[in-house]
Each structure stands twice: as structure tokens, then as C-alpha cells.
Amino acid sequence: MNRILALGSLVAMAAALPLAAQTTAASKNTAAAGKAFSAPKTAWGDPDLQGTWTSDDTWGVPMARPKQYGDRLYLTEDELTAREKQVKASEQRIVNPSNDNHSPALRQLEAEESGKEAPAAQGAFGRGVDAAPVPGQFGEYARRASKQTSQVIWPADGQVPPMTEEARKMQAAAAATRNRTPSTWTDWSIYDRCITRGVAGSIIPVIYGNGLEIVQTPGYVAIRYEMVHDARIIPTDGRAHLPSSIRSYMGDPVGHWEGNTLVVETTNFNGRVGVGPNGGGTLSEDAKLIERFTRAADNTINYELTIDDPKTYTAEWKIGFPITHEPGYEIYEYACHEGNMAMRNMITGTAAVEKAAAEKKK
Amino acid sequence: MQKRFLGAFAAILALGALPAAAQTRTANLPAAVAGHPNLSGLWQSFGTADWDIQGHGAEPGPFYQLGAIGAVPPGIGIVEGEEIPYLPAALEQKKKNLANRWKEDPVIKCYMPGIPRANYMPFPFEIIESQKNILFAYEFGSENRVVNMGKPEEAVTDTWMGTSNGHWEGNTLVVDVTGFNGMAWFDRAGNFASDSLKVTERWSLLDANTLNYEATIEDPKTFSRPWKVNVILYRHREPGARLLEFKCVEFTEELIYGDLRRKVLGK
């Protein structure tokens, strides 16, 4: 219910944005703007990262690089032109909801209900340049085409390094649990349960709710994320991490400034969230995440995340993408748990399916 | 020696010349942010207002197994003038809430506590005051809100924590909170308001480590007149003190979905 409400408002908001404002923002976001750019400072002299930001522009860029791009992090001009067309098309479905192709998912549902064959979804579930545009009903979409071939920026081949033997075993055990029918709440993900999306999962773009807000005061930077709602308080006064007895989902962040870059090191994890979208995947309790936030333009922060977790991955790796400020984009209250009717429905729904299956067998 | 004496004397004279209000402001306050008092820090209230915002004596708790640690501690209350001016129907509802408090207090389910309650729960919260907006990050449930210090914005939709617009009146931060969904309670005793609630908060430093909080409660559907709560907040000064994580959802799932385990899943 709350999710639906928020979605409705976002769609309305996106539609209300003047196109001119969007275009201006897009032209400012070119790499060239970074060269002459002088990063703004707060009243007390720290680089100023404040405002609302979103990772929407990286929507559709796969985490690991499709093999055809090899060691190439950026698209060619032709590839970029193709992706720009797709971004334009998905924007049209938001701005002009009467478009017949507004919602592939809705068409699918309607087809199922009418008993007819669903129209071909043109790679709706593919990723990257080959992917169909984002389903319009979710309200979030890339405003400008990302030049990147993958979210992974290191190692050079853009692939997530192999997992360690121990982590592979743990992952297989977890997958075995997942493969049986989920029956009780703990069978669903930390995200489904509205607990958190973790540090990485809170910024990696998903179908909606990619917004975050940065607020600073002398000695501190705070980042709050909209979806599921989290607020990280990051001291920049050089203090040590919490003792290892104190562990949590979001970990313990400490930060410092390197020139115009905010560097945040987070440790003290509880080993229950990963680095995938919405916090999926695996990280050990000993993981260390290092984030770098660098203001690159008035409307752009370059974000980089280093995953250092020798218990899980055989090498360090990095993801990176720009986050952008969009005029009119606001962070709303995301009362996820309070409105989590889905959990009751999923549990009772699963029970109903199991019962029906058992009766069929008789 | 003589010079020091003279210096001290001059300082006393200077202090004497300052207006009384300005004197309290000079006492080791943190450096101002953009000319305003800096309220940033980790704060928490003492007291038992979260049990009952009105004065109350000690009572047994709901679970005898918890003995003394589960009992309700006494408190002098935070309501100015003691009385909450409920309209008759609302008073009946409050009594019902009190009777069902161990089941129906939304905070038991880890639902958002709303305003003003988030400010006097037995959990700390961090204020991050920038030269623009001000973040309130609460340890309980990772709840948070940003006070918009720019042009006031109307609430886009009704929410648990409301929509906060702030401005400075001298050294006092005044925050108007509206757009509530009417689902939060003020305490574990069932005091409540409707979705017509408007809270006007006034935050001012008494000294570097003490923050005065006053909230005016207006809700014509529930109360016959506006009323106030007054709370004093204290700064956490322990070395290493910081906002920790209390994500309570997973502590409530058996309570919220446990009926399905028994009735539907038969487990």
C-alpha cells in the first residue's frame, strides 16, 4: 500500500518535470564538465556533497560485463546511440502513459487473464544495451544513457572475481534452502522482510526507489536512503571502528576526506547481507567496504565501492557509477514494514499452492 | 599576576554588560552552523515518558516472568499542566488503547513511532545540522526525517513521521510537523492523535550538552485545545558513543505473522 502510494507520487512527479530542466541537467552531466569544475564547499570548508541524489542513470547497466565487451568499460559511439534510443523510449512511457507499450508487465498480465498468448516481450528481461526499456509502471528510469558496459569497474575484465571455496559451499547451502517452497517469513529475503538493503544494495539501481540524501555538519556526513529507510552517520574525525563485538547489517562507517573525495570505510558487518541489488548475495562478517564519493559536477557525484572480503571473494573488486541530482526529486517516507501486506499474502499464498498441489496428487 | 587580575576583572565587567540571554549562549557552545546554534550531536531523554507521557506511579508489567525488569517505572510526566484535553469520544478511545496497550501499541510491532514520541523513546538519536536542512536519525528502527529549512513544503501524502518544515526564531529551531497518518501513539499508555495532528516543535540549547524540547500538540478532532509536552535531552558524551543499529523488524515477525505459522502452516 505504502509502496503503491509512493510509486504513484513518483510517477506524477516525473511527469510534472519540465523537459527543458531535464535536458539542461543532461548537458551538464558530460565528462567535459568535470575538467573546469570547482567542487563547492560547506560553510566550514569541507567539500559539499549535500542534496538528493539517485543512481537511476545506471538502470539497465549489468553488474558484470557482458563478454562481448572484453576489457572495454565504455560503449562505442554506435552502442551509446543505441542505448540513448532505449532510454528515450522508456522516458516516453513515463511521460506519455497512454503509449500502447506503457507496461510490458501489464500486457503480460492482461494476456494471461484473457487466455491469449502474451505479445513478444522483446528481451524484456535482458540486461545492458540488449535489454528492453524499463517497464514504465515503476516510475524510475535512466534519464540519460550510461556510457558504461558494466557496474564492475575492476578487475579490468568487469567480472566479479571467483568466490572462495568456503563461500561457494555456503552459497550452495543457502541456494538449497531457497529451492524448496518458501513457507515462513525467514524463507524470504532480508529485503522482502523490510529489514534493510545493506550498504551496497541501498545504492545499486533497481526498478524504483534509487534515491538518497546527503546532509553534512562539521565532523560528520550523513547518508539516508529512501527505500526501506536507513540513515548512516559517518564521523570524519578520525575515530576508530567499534569493537568487533558490535555488529550490524549496515556496519560501522568511519570516513575521511582525501582532497574533494569522501572516503568511507565500513566494517563490523553481521554477515547477513551481500553486495547485490537490494542487498542480495554474500558478504562475510569480516568484509570491509570502501566507498569514495567525489563531486564531479553540480549535478553529479562519482561513486565507487571497493569490496574487500577475502573470506568471500578471491580478489578485491570495485563497482562504480555516477549518481545525479535531479530537480524536483525528493526522498519520501518509505514505511516498508508497516505496509508489508505482501508477507502475509506470500505466506498464505504459498500454503494455498501447496495444499492445491497435495490435493491434485491424491 | 597583576595583569591577569586586571584581565579577569575586565571579563567580569564585560559579562555584566551583556544581556542575560547572551550570557548563557557564550558558555562553551559548539561553533555555530551558518550563524545558528549547532544542535548536532547524539541526544537522549531521561525518564519514563515513553511508558506514559502523564505522571504515573510504578505498576506491574504484563509478563510475570520478567519480574522487576518488566515492571513499569514511575515518572513525573512531560505534559504541561498534567491534563490532556481529550474530547469525550477520544477519551473513550484512549481508555480502550490503554486496556489493549500490550497488543496495540504500534511500537510493539516496530512501526514508526511518529512525532513527538521518537524524541523521548529510550533510544538515542542523532541530529546532523547543516547550513541547509537538518537530519534527525533515530536509533529505534533506523527511522529518520529531514527537516526542510527552505521554503515550507506541503505534505505530499500522510505519513507516520509527518512532514517537517523548520525555521529559526532567534536561537530556537521551530519545526512545524504536519501530514500525519494518525496511526502513531504518543506512548505505551495509548495516548494518541488523529490524522489532523499538527505538532510545533521548539528546540533550544540550554547549554552545550543540554537541549530543551517543547512540542505543542494541536488536533481539533481529538483535543478541545492545544497542549504541550516538555522534555530535556542530554548529549551522549561517552568516548566512542555513536548511533547504533536497532532494526526491530525481525524481533516482531513471530508476533505479527506467528498466527500464520500456527493456523496456516501448522508449524
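How many residues of chain A are in contact with how many residues of chain B? The contact involves 38 residues of chain A and 38 residues of chain B, two residues being in contact if their C-beta atoms, placed from the backbone, lie within 7 Å. The model is predicted: local features need pLDDT of at least 70, side-chain atom pairs count only at pLDDT 80 or more, and totals for chains, interfaces and linings use all residues. Residues are numbered from 1 along each chain as its sequence is written, while chains are lettered from A and ligands numbered from 1 in the order in which they are written.

**Interface**

On the side of chain A that touches chain B, the elements giving two or more residues are α1 (2–16), β3 (211–217), β4 (220–225), β5 (230–235) and α8 (341–361) of chain A. Helices (H or I, at least four residues) and strands (E, at least two) are DSSP runs, numbered from the N terminus. The largest share of this side, five residues, comes from α8(A). Its residues divide into 19 nonpolar, 12 polar and seven charged; Ala, Val, Leu, Ile, Met, Phe, Trp, Tyr, Cys and Pro count as nonpolar, Asp, Glu, Lys and Arg as charged, and the others, Gly among them, as polar.

The helix α8(A) has 21 residues and reaches 31 Å from its first C-alpha to its last, close to the 30 Å expected at 1.5 Å a residue. The expected span is 1.5 Å times one less than the number of residues. α8(A) is hardly covered, with one buried residue among its 21 residues. A residue is buried if 20 or more other C-beta atoms lie within 10 Å of its own, exposed if 12 or fewer, and partly exposed in between, with C-beta atoms placed from the backbone.

**Chains and core**

Chain A has eight helices and 10 strands, and 40% of its 362 residues count as buried. Chain B has five helices and nine strands, and buried residues make up 35% of its 267 residues. Among contacts in chain B between residues at least 6 apart in sequence, 58% join residues at least 24 apart. For chain A, residues 24 or more positions apart account for 67% of the contacts with a separation of 6 or more.

The largest nonpolar core holds 103 residues, of which V221(A), A222(A), I128(B), L135(B) and A137(B) touch the most other members. Such a core is a set of buried Ala, Val, Leu, Ile, Met, Phe, Trp, Tyr and Cys residues joined through C-beta atoms within 7 Å. Apart from it lies another core of five residues, including W59(A) and Y141(A).

**The sheet of chain B**

In chain B, nine strands form an open sheet in the order β4-β3-β2-β1-β9-β8-β7-β6-β5, with antiparallel pairing. Two strands pair if DSSP finds at least two bridges between them. Because β4 (144–147) and β5 (163–169) of chain B stand at the edges, each with a single partner strand, one side of each is left without a neighbour in the sheet.

Four bridges join β3 (residues 134–138) of chain B to β4(B), and these strands run antiparallel. Within this pairing, A137(B) has N144(B) as its bridge partner in β4(B). From β4(B), N144(B) and V146(B) point one way and R145(B) and V147(B) the other way, and all are buried. The hairpin of β3(B) and β4(B) has five residues between the strands, and G141(B) there takes a positive phi near 65°.

**Backbone exceptions**

Most residues other than glycine have a negative phi, and most peptide bonds are trans. The following cases depart from these patterns.

| Site | Feature | Value |
|---|---|---|
| W154(A) to P155(A) | cis peptide bond | omega near 5° |
| I115(B) and P116(B) | cis peptide bond | omega about 15° |
| V228(A) | positive phi, not a glycine | phi about 70° |
| H229(A) | positive phi, not a glycine | phi near 65° |

P155(A) is found in the loop between β2 (152–154) and α6 (165–179) of chain A, and P116(B) in the loop between α4 (101–104) and β2 (125–129) of chain B. V228(A) is buried because 25 other C-beta atoms lie within 10 Å; H229(A) is buried, with 25 other C-beta atoms within 10 Å.
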